[in-house]
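User: Got a model open here and want to walk through it. Can you take my questions as they come?
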Amino acid sequence: MSLDVRAETQMTWVGAKKLVDPQVSIRYGAFFVAENRLRNMAKWWLSIIAFGLGNPSLYLLSIGIGVGSLVDSSLGANAIDHVSYLTFLAPALLASAGIQGALDEVTWPTMEGFVWDRTFFSMNSTAITGKQIVSGILMAAMTRCLLQVFLYELCLLAFGAISWQSIPILLLVSATAGFGFSAVMLAFSASIKDDDGVFALVGRFIITPMFMFSGTFYPIDSMPIYLRWIGWISPQWHATNLGRALSYGSPVEPWLQAIHWGLMLVLAVIGITWANRMFESRLAK
Amino acid sequence: MPKEVRKEASAEAMITATGLTKKYGDFVAVDGVNFTVTRGESFGLLGPNGAGKSTTMKMIAATSQRTGGNLVILGKDPNRQGPEIRAHLGVVPQQDNLDRELKVWENLMVYGRYFGLSRKFLKGKIEELLEFAQLGEKRNSKTEELSGGMKRRLTIARGLVNEPEILLLDEPTTGLDPQARHILWDRLFRLKEQGVTLVITTHYMDEAEQLCDRLMVMDKGKIMAEGSPAELIKKYSSREVLEVRFGSENNASVAGRLKGIGERLEVLPDRILIYEESGEKCLEQIIKLGLEPVTSLVRRSSLEDVFLRLTGRTLVE
């Protein structure tokens, strides 16, 4: 590309004082951050859709139908919670999809924002604040979370695992789990100075055990008592148990349902407070 | 150049720092500096790495809070009104922080959106900025496909998207080849003509001389001197400098015999600098003493000499 030092340029110039109203960014800055994240996500739309539909389809075929047939034939049909094994499994799979969908949008983008491309610093050089970046990232993460859960629900509906009436409530429960967990993980990601495999460790030692020991494949009561605590502190179990109660009427006491909602929301509050502090202090350095 | 030139350069203070201080624990990065930048001025912070230039810049950019003194930017306090101030600033950071996933034009679009500018306005503005940065042909390329110079021009164009009152440039040409540097200087000079207030940090003396009306020389968090490049050179150096080399092992011993030649002598490991109105006369005197330098060079004094005089060190170490 040739460069012409003498090239004439015409630039209109009214000046920021007249052109920019700071109050617009102060009010809507979080939405502008979310807009940027969604624009980034749109670059990967095919992967997101393919993963959103392909992953549940394969999972339902192998685990849901394969293992489900074995469970139903061994224990008898509708042996757990008086529903098919696939229906029992569905709320857990949706909770997992919600958590994973939101997680993808808070971990790598945060590394990109603080370490790789330092785009959070460019956002913060405008009127955008650290708290608005936190809110914007979470808004975009929740968009991805809702999309991923909804696609999963369509697959579950096609497999006859859930009823269409249960779609909104399962969407809400799974998204709440995704919200709580991703808020905490956003703060955690903001504390990482360099990616030296820490997210692989999180996947291996937090996400996988959380999925395996949160009553996903069998009721949490059937696990040894020394393993049940993993479920109790995991948003995966709270969303799974709540989803089962609200979608097909699994017997869960109202006080326990309140704890399920409460814990997921408390996680969100803790995560957002922590993330706000991390972002503000890191951007100021 | 722009037809709608704003030439209302007045003494309106855009930035006023009084006893400005920044501490990190016990470490004092900026130590009670005082300065004022007026509208339309091109103000430079000159100093070596670690002098406190970037820290000062971050405080002016209203992203890092001062720990002492007072700072007023566009009539506001950055510690309390950061977003309001930043809405009217343009920032070109030391490290290009462009979005790799997005195309060239999209980088300008999303940045403009952070200021709350409408997509309709930005559509036209982006075309102007691409032309200004000579990146029209690259509008649909991803930023990772751009050369270092192109990325820098895009970062500068991005900093102009809100038509800032003050443009802050932190080491704008570090790492660029000479051609890319000259292109950037030209673009920055055009902005200056347009009436944009520029604040530039650099450790390149030629850049400071090219772009800055007034300079503040910093070292170890303090102001060593302040004035226009010409004023600083006049005050702290002579008109000419004679550089002589006798071989790195001999410079120190020969220096003793050169006493009395020139107004002032600086002995560096690789060369001896002799400050005097006429470098040629000094060279004649040296030859008369029977000394034969390996190389000799007479040049005009520069800001490098000013810095050496003030701190006893060179700018790029």
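User: In chain A, what percentage of contacts between residues at least 6 apart in sequence join residues at least 24 apart?
Analyst: It is 80%. Two residues are in contact if their C-beta atoms, placed from the backbone, lie within 7 Å. Keep in mind that this is a predicted model: local features need pLDDT of at least 70, side-chain atom pairs count only at pLDDT 80 or more, and totals for chains, interfaces and linings use all residues. Residues are numbered from 1 along each chain as its sequence is written, while chains are lettered from A and ligands numbered from 1 in the order in which they are written.

User: How many helices and strands in chain A?
Analyst: Chain A has 12 helices and 0 strands. Helices (H or I, at least four residues) and strands (E, at least two) are DSSP runs, numbered from the N terminus.

User: What box do the C-alpha atoms of chain A fill?
Analyst: Roughly 85 × 35 × 35 Å, taken along the principal axes.

User: And how many of the residues of chain A count as buried?
Analyst: Of its 285 residues, 45% do. Buried takes 20 or more other C-beta atoms within 10 Å of a residue's own, exposed takes 12 or fewer, and partly exposed is in between; C-beta atoms are placed from the backbone.

User: Helix pairs next. At what angle do H4(A) and H7(A) cross?
Analyst: Helix H4 (residues 85-104) and helix H7 (residues 130-158) of chain A cross at roughly 150°, with axes that come within 8 Å. Axes are lines fitted to C-alpha atoms, for helices over the stretch in contact, and angles run from 0 to 180 degrees between N-to-C directions. H4(A) and H7(A) are therefore roughly antiparallel. The cut-offs: under 35 degrees is roughly parallel, over 145 roughly antiparallel, 65 to 115 roughly perpendicular, and the rest oblique.

User: Which residues meet there, in H4(A) and H7(A)?
Analyst: From H4(A), they include A:Ala90, A:Leu93, A:Leu94 and A:Ala97. Among those in H7(A) are A:Ala141, A:Met142, A:Cys145 and A:Tyr152. By class, the contact of H4(A) with H7(A) has 11 nonpolar, 3 polar and 3 charged residues. Ala, Val, Leu, Ile, Met, Phe, Trp, Tyr, Cys and Pro count as nonpolar, Asp, Glu, Lys and Arg as charged, and the others, Gly among them, as polar.

User: What about H8(A) and H12(A), parallel or antiparallel?
Analyst: Their axes come within 7 Å and cross at roughly 25°. That makes H8(A) roughly parallel to H12(A). By class, the contact of H8(A) with H12(A) has 18 nonpolar, 3 polar and 1 charged residues.

User: Now H5(A). Which of its residues are buried?
Analyst: In helix H5 (residues 108-116) of chain A, they are A:Pro109, A:Thr110, A:Gly113 and A:Phe114. Seen down the axis of H5(A), these fall within an arc of 115°, so they line one face of the helix. The arc is that of the directions from the helix axis to the C-beta atoms.

User: What covers them, the buried residues of H5(A)?
Analyst: The cover includes helix H2 (22-42), helix H6 (119-124), H7, helix H8 (167-190) and helix H12 (254-283) of chain A.

User: Where does A:Arg118 lie?
Analyst: In the loop between H5 and H6 of chain A. A:Arg118 has a positive phi of about 55° although it is not a glycine. Most residues other than glycine have a negative phi. With 17 C-beta neighbours inside 10 Å, A:Arg118 counts as partly exposed.

User: And B:Gln134, what phi there?
Analyst: A positive one of about 50°, and B:Gln134 is not a glycine either. B:Gln134 lies in the loop between H4 and helix H5 (148-159) of chain B. B:Gln134 counts as buried, with 21 C-beta neighbours inside 10 Å.

User: Switching to the contact of the two chains. How many residues come from chain B and chain A?
Analyst: Chain B gives 44 residues and chain A gives 42. On the side of chain B that touches chain A, the largest share, 5 residues, comes from H3(B). By class, that side of chain B has 17 nonpolar, 11 polar and 16 charged residues.

User: Last one, A:Val20. Which residues does A:Val20 touch?
Analyst: Not counting residues up to four places away in sequence, A:Val20 touches B:Ala87, B:His88, B:Phe115, B:Gly116, B:Leu117 and B:Asn162. A:Val20 sits in the loop between helix H1 (16-19) and H2 of chain A. A:Val20 counts as buried, with 27 C-beta neighbours inside 10 Å.
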